Amino acid sequence: VQLEDRPGTLADAAKRLGDAGVNIELIAPAGMDGQRFTVAFGVDKLDAARAALSDLVTAEATTAGSTVT
């Protein structure tokens, strides 16, 4: 997931997942590009996570290990 580098963006993404009933099992930083950073979430409900974060999911998103990147 690509997020803007500003306070609260990670919390907003986590809240969206929680509101969708998705449990976060892992959060890992995956890089930064300018004013955006990439975070990988390990989740228990991949399809629900993709739907909740559909506007943030990058082309590199994968189903391996139930991770949305």
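These legends walk through several close-up views of one predicted model.

**Figure 1. The whole chain at a glance.** Numbering starts from 1 along each chain as its sequence is written, and side-chain values use heavy atoms, leaving out hydrogens and water. Because this is a predicted model, local features need a pLDDT of at least 70 and side-chain atom pairs count only at pLDDT 80 or more, while totals for chains, interfaces and linings use all residues. The chain holds two helices and four strands, where helices (H or I, at least four residues) and strands (E, at least two) are DSSP runs numbered from the N terminus. Of the 69 residues in the chain, 32% are buried; buried means under 20% relative accessible area, exposed means over 50%, and partly exposed is in between (1.4 Å probe, protein chains only). The accessible surface of the chain is about 4000 Å², and 51% of that belongs to carbon and sulfur atoms. These areas come from the Shrake-Rupley method with a 1.4 Å probe, and for residues only the protein chains shown count as cover. Among contacts in the chain with a separation of 6 or more, 52% come from residues 24 or more positions apart; a contact means heavy atoms within 4.5 Å.

**Figure 2. Confidence along the chain.** The average pLDDT of the chain is 86, and 83% of the residues score at least 70. For this score, think of the predictor's confidence in each residue, from 0 to 100.

**Figure 3. The largest nonpolar core.** In soluble globular proteins, nonpolar side chains tend to be buried together. Here the largest nonpolar core has 14 residues, and those with the most contacts inside it are Val 1, Leu 3, Leu 17, Phe 41, Val 43 and Leu 53. Helix 1, strand 3 (36-43) and helix 2 (46-52) each supply at least two residues of this core. Strand 3 gives the most, with four residues. A nonpolar core is a set of buried Ala, Val, Leu, Ile, Met, Phe, Trp, Tyr and Cys residues joined through side-chain atoms within 4.5 Å.

Figure 4. Thr 9 sits in helix 1 and is buried, with a relative accessible area of 7%. Leaving aside residues up to four places away in sequence, Thr 9 touches Leu 3, Glu 4 and Phe 37. Thr 38 belongs to strand 3 and also counts as buried, at 18% relative accessibility. With residues up to four places away in sequence again not counted, Thr 38 touches Val 1, Gln 2, Ala 28, Pro 29, Ala 30 and Gly 31.

**Figure 5. A nonpolar patch on the surface.** Leu 10, Ile 24 and Ile 27 form this patch, with about 210 Å² of accessible area together. Leu 10 lies in helix 1 and is partly exposed, at 31% relative accessibility. Patches are made of residues with over 30% relative accessible area and no salt bridge; like charges are joined within 9 Å, and nonpolar side chains (Val, Leu, Ile, Met, Phe, Trp, Tyr) within 5 Å.

Figure 6. Side chains of opposite charge can pair when their charged atoms come close. A salt bridge is a side-chain nitrogen of Lys or Arg within 4 Å of a carboxyl oxygen of Asp or Glu, and by this rule the count comes to three. Lys 15 and Asp 19 meet at 3.1 Å, N to O. Both lie in helix 1, four residues apart, about one turn of the helix. Lys 15 is exposed at 52% relative accessibility, and so is Asp 19, at 59%. Another bridge joins Asp 55 and Arg 16 (2.4 Å, N to O). Asp 55 lies in the loop between helix 2 and strand 4 and Arg 16 in helix 1, so the pair ties together parts that are 39 residues apart in sequence. Asp 55 counts as exposed at 55% relative accessibility, whereas Arg 16 is partly exposed at 31%.

**Figure 7. The Glu 4 and Arg 6 pair.** Glu 4 forms a salt bridge with Arg 6, and their closest N and O atoms are 3.5 Å apart. Glu 4 is partly exposed, at 41% relative accessibility. Arg 6 is partly exposed as well, at 42%.
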